[in-house]
Amino acid sequence: MTSFAEQLKLNVNSEIGTLRALLIHSPDSGLGKVVPSKAQDWLFEDIVHLDTMRRNEYDYYVKLLLYFLDTNKIKGKLQGIDAPQAQRNFFKPDHSAFYASDKVIEIQTLLADILQDDVIREKLTASVCAIESCNYRLQQQLYNTPPIELAKIFISGSLHKDHMIFAPIPNLIFSRDIGITINNYILINKPAKKARSRETLLARYIFFNHPMFAAYRDNILEITEPIQNFLRPGKDQEEKTTLEGGDVMVVSKNHVIIGCSERTSLSGAYEAIKLLFDNKVVNKVTVLKIPHKRDYMHIDTVFTQVKRNVWVLLGSLAKADAAITASDPLSWFGDKKPKDKTEIVQFIYGKDKPRHFSCIEELLDDVSLNDLNSLERTRFIYSGNNNFPFDAREQWTDSCNLLALKEGVVLGYDRNDKTVEAFKDAGFSVVKVAELLQQFENGEQSPEGLQNTLILMPSSELSRARGGFHCMSLPLLRDDII
């Protein structure tokens with residue numbers, strides 16, 4: 001198994017503390033097998049061109065993460081890594097030239113590690129085959145497959161590269177959704193869609209069995225179904241117990257925001273609150289209910305944090321409704337139906353009476369001022385520079401779904417032009433990732449010296465999958481913010 005297993009420290013108590021370790025999953029061959037007729041079932045908005053997604057987009061993400069988190073793995077090697085004859089071997093988890101970082105950690109390598117154990121391999125193979133309705137002979141064949149190859153099969157769904165034996169799990173690139181680190185605990189999520197069941201199973205086996213997490217096994221929290229779920233009729237989303245990581249934000253050491261959205265139910269939020277309070281993980285949880293629409297999906301598609309006092313968000317959903325003064329009926333009834341309003345309720349451990357917020361902006365301002373002790377005015381950078389139709393168009397392509405590598409330095413897609421303008425107006429520098437990587441390689445710039453910067457990532461294929469870099473990251477360790 002990987003040699004860094006016992007060295008992991010687990011601690012995330014903000015969205016913006018300097019990132020030190022995270023879990024990711026690079027696009028695997030399963031993404032290249034998504035077909036139009038199954039795209040919606042597999043939770044993809046469109047089919048993608050896999051090679052373009054890898055070479056021209058996601059590989060830049062990996063290289064940038066390594067420069068920030070594990071410089072020795074990449075410094076001075078950029079030209080060789082990108083050379084055609086290298087054949088991307090640096091990015092392939094099953095190749096001897098793989099970067100194998102203990103800070104930018106590939107999920108597939110952890111899965112291969114635990115599959116080396118005969119007992120775990122037998123149990124996990126049986127579990128996967130039960131979920132996927134495999135026959136017994138195939139189950140035996142998989143059990144006898146070498147661990148590195150078996151890990152690829154479990155993720156891609158393909159035997160011998162192109163022979164599909166069960167569906168791929170293309171959403172595994174959105175590693176945030178399988179679990180969330182809250183202080184030194186891991187909350188394993190409970191996905192809303194059957195297409196993600198195998199992801200959760202693999203994550204559970206990794207977290208409970210990989211020696212990297214051995215010191216934290218008692219700190220792994222799992223959401224269970226309440227007894228009512230087995231007794232009541234109906235299968236409405238509101239009644240299911242579901243929770244995904246894009247709806248969980250650790251905004252301070254003692255405060256977690258949980259979204260109720262298309263993918264996270266009220267029951268899921270309630271079960272998470274009980275777990276967090278019973279285990280004394282945090283003492284404050286805010287439940288933020290947003291419209292159950294594909295446009296939004298998770299709360300991290302509506303807002304993410306940039307600095308202690310700066311947030312990027314969708315203005316049309318985040319602001320308080322203006323008072324209606326017109327007398328015509330259309331003004332009163334036609335603008336926004338109650339079901340499209342956000343509802344925000346904050347629960348504090350030991351207090352009976354919850355606190356209500358009128359809008360997302362009010363909540364985020366309270367986080368900045370009172371949880372993070374900001375001494376500056378809270379500022380908001382709006383999707384599409386808050387101009388219709390660019391606000392809605394760019395929110396759809398994840399203008400609000402940014403990952404902070406450290407306070408004030410965030411990653412976003414290069415296609416969201418109006419949002420980029422808004423960042424510039426707010427005093428941020430904007431740089432394309434290819435230029436920045438070359439500056440790092442030449443010694444003209446350093447990750448430590450970068451401040452107040454939006455790093456633009458190529459996104460023509462990644463954006464088709466409806467997820468940004470906040471989705472494509474599961475932070476394991478961040479510095480405390482002082």
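Helices α2 (50-69) and α7 (147-156) each supply at least two residues of the lining of the second largest pocket. Helices here are DSSP runs of H or I with at least four residues, strands are runs of E with at least two, and both are numbered from the N terminus. This is a predicted model, where local features need pLDDT of at least 70, side-chain atom pairs count only at pLDDT 80 or more, and totals for chains, interfaces and linings use all residues. Residues are numbered from 1 along each chain as its sequence is written, and side-chain values use heavy atoms, with hydrogens and water left out.

**The pocket.** A pocket is an open set of points on a 1 Å grid over the protein atoms alone, where a 1.4 Å probe fits, with protein on both sides within 12 Å along at least five of seven lines; lining residues have an atom within 4 Å of a point. The second largest pocket has a volume of about 520 Å³. A volume is the space filled by probe spheres set on the points. The lining has 23 residues, and the closest to the pocket centre are Asp-28, Ser-29, Arg-54, Asp-94 and Lys-152. Helix α7 gives the most to this lining, with 5 residues. By type, the lining holds 6 nonpolar, 6 polar and 11 charged residues. Asp, Glu, Lys and Arg count as charged; Ala, Val, Leu, Ile, Met, Phe, Trp, Tyr, Cys and Pro as nonpolar; the others, Gly among them, as polar.

**The rings.** The structure holds 13 aromatic pairs. Rings of Phe, Tyr and Trp (its six-membered ring) pair if their centres lie within 6.5 Å; planes under 30 degrees apart are stacked, over 60 edge-to-face, and the rest tilted.

| Pair | Centre to centre | Angle between planes | Type |
|---|---|---|---|
| Phe-90 and Phe-91 | 5.2 Å | 85 degrees | edge-to-face |
| Phe-90 and Tyr-99 | 5.6 Å | 45 degrees | tilted |

Phe-90 and Phe-91 are buried (under 20% relative accessible area, with a 1.4 Å probe and protein chains only). Tyr-99 is buried too. Elsewhere, Tyr-58, Tyr-61, Tyr-413 and Phe-469 form one aromatic cluster.

Charges also sit over rings. This means NZ of Lys or CZ of Arg is within 6 Å of the ring centre and within 35 degrees of the ring normal. Arg-121 has its charged end over the ring of Tyr-143, 4.9 Å from the centre. Lys-418 lies over the face of Phe-390, at 5.0 Å.

**The strands.** Strands β9 (residues 255-260) and β10 run parallel, joined by 6 bridges. Two strands pair if DSSP finds at least two bridges between them. Gly-259 stands opposite Leu-288 in β10. In β10 (residues 284-289), 5 of the 6 residues are buried, so this strand is largely enclosed by the rest of the structure.

How values were computed:
Buried < 20%, exposed > 50% of the residue type's maximum accessible area, 1.4 Å probe, protein only.
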